[in-house]
Amino acid sequence: MTTDQDVQDVGADPLANADGTELWLERTGTRQYVGRSSRGGEVRIGSLGDPDAFTPGELLKIALGACTGLSSDAALARRLGDDVPVTIRVGGLAHPTEDRYPALTEVLEVDLSGLDDAARERLLTVVHRAVEQHCTVGRTLEHGATTTLTVAGER
């Protein structure tokens with residue numbers, strides 16, 4: 001969910017993140033990095049086939065699914081219970097020559113069998129609306145984002 005803290009002012013630090021969190025990656029080997037946050041989180045990143053590591057594309061897909069999960073969580077828990085089991089599967093193949101993902105797919109798996117038809121439709125409407133309005137990752141992918149790379153010492 002986007003907050004006022006997430007919105008950057010013109011001239012603000014381009015590396016600023018919500019709540020002052022710092023994010024960085026450190027090289028740990030050939031085509032291997034560890035992504036870190038100042039809150040103590042870590043994720044191993046590598047090439048396809050590296051054990052115990054995610055590729056950048058896998059992380060993109062997982063970020064999309066995680067954003068969907070977090071955006072829809074309150075509605076699902078409110079109607080189905082705090083311990084509702086939810087699985088979100090994500091996928092999408094890279095274009096063979098363009099080094100990009102032309103389409104990503106998510107499937108949110110949750111048991112709705114305990115709801116009558118009207119309650120089911122209401123919950124589905126609320127879940128879709130919550131994701132469409134509050135999934136920052138999905139909205140960024142749908143609307144595009146500019147990226148800027150600066151190599152330290154380049155200027």
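The model is a predicted one, in which local features need pLDDT of at least 70 and side-chain atom pairs count only at pLDDT 80 or more, while totals for chains, interfaces and linings use all residues. Residues are numbered from 1 along each chain as its sequence is written, and side-chain values use heavy atoms, with hydrogens and water left out.

**Exercise 1. Describe the overall architecture of the protein chain.**

Step 1. Counting the DSSP runs gives 3 helices and 5 strands in the protein chain, and reading them along the sequence gives the pattern β-β-β-α-β-β-α-α.

Step 2. The C-alpha trace spans about 60 × 40 × 35 Å along its principal axes.

Step 3. Of the 155 residues, 21% are buried, where buried means under 20% relative accessible area, exposed means over 50%, and partly exposed lies in between (1.4 Å probe, protein chains only).

Step 4. A contact is defined by heavy atoms within 4.5 Å; among the contacts with a separation of 6 or more, 35% are between residues 24 or more positions apart.

**Exercise 2. Determine how H1 and H3 are oriented to each other, and which residues make their contact.**

Step 1. Two packed helices are described by the angle between their axes and by the distance between those axes. Axes are lines fitted to C-alpha atoms, for helices over the stretch in contact, and angles run from 0 to 180 degrees between N-to-C directions.

Step 2. For H1 and H3 the angle is about 125°, and the axes are 7 Å apart.

Step 3. Angles under 35 degrees count as roughly parallel, over 145 as roughly antiparallel, 65 to 115 as roughly perpendicular and the rest as oblique; H1 and H3 are therefore oblique to each other.

Step 4. H1 brings Leu60, Ala63, Leu64 and Cys67 to the contact, and H3 brings Thr136, Val137, Gly138 and Leu141.

Step 5. For the classes, Ala, Val, Leu, Ile, Met, Phe, Trp, Tyr, Cys and Pro count as nonpolar, Asp, Glu, Lys and Arg as charged, and the others, Gly among them, as polar. On this scheme the contact of H1 with H3 has 6 nonpolar, 2 polar and no charged residues.

**Exercise 3. Characterise the lining of the second largest pocket.**

Step 1. A pocket is an open set of points on a 1 Å grid over the protein atoms alone, with protein on both sides within 12 Å along at least five of seven lines, and lining residues have an atom within 4 Å of a point.

Step 2. The second largest pocket is lined by 20 residues, and those nearest its centre are Thr68, Glu106, His128, Val131 and Glu132.

Step 3. At least two lining residues come from each of H1, strand S5 (105–109), helix H2 (117–134) and helix H3 (136–143), and H2 gives the most, with 6 residues.

Step 4. By class, the lining divides into 13 nonpolar, 3 polar and 4 charged residues.

**Exercise 4. Examine Asp99 and Ala103 in the loop between S4 and S5.**

Step 1. Asp99 has a positive phi of about 50° although it is not a glycine, and Asp99 is exposed, with a relative accessible area of 78%.

Step 2. Ala103 is partly exposed, at 48%. Apart from neighbours within four places in sequence, Ala103 is in contact with Gly91 and Gly92.

Step 3. Ala103 and Gly92 are 11 residues apart in sequence, and their C-alpha atoms are 5.9 Å apart in space.

Methods:
On a 1 Å grid over the protein atoms alone, a cavity is a set of points where a 1.4 Å probe fits but cannot get out, and a pocket is an open set with protein on both sides within 12 Å along at least five of seven lines; lining residues have an atom within 4 Å of a point. Helices (H or I, at least four residues) and strands (E, at least two) are DSSP runs, numbered from the N terminus.
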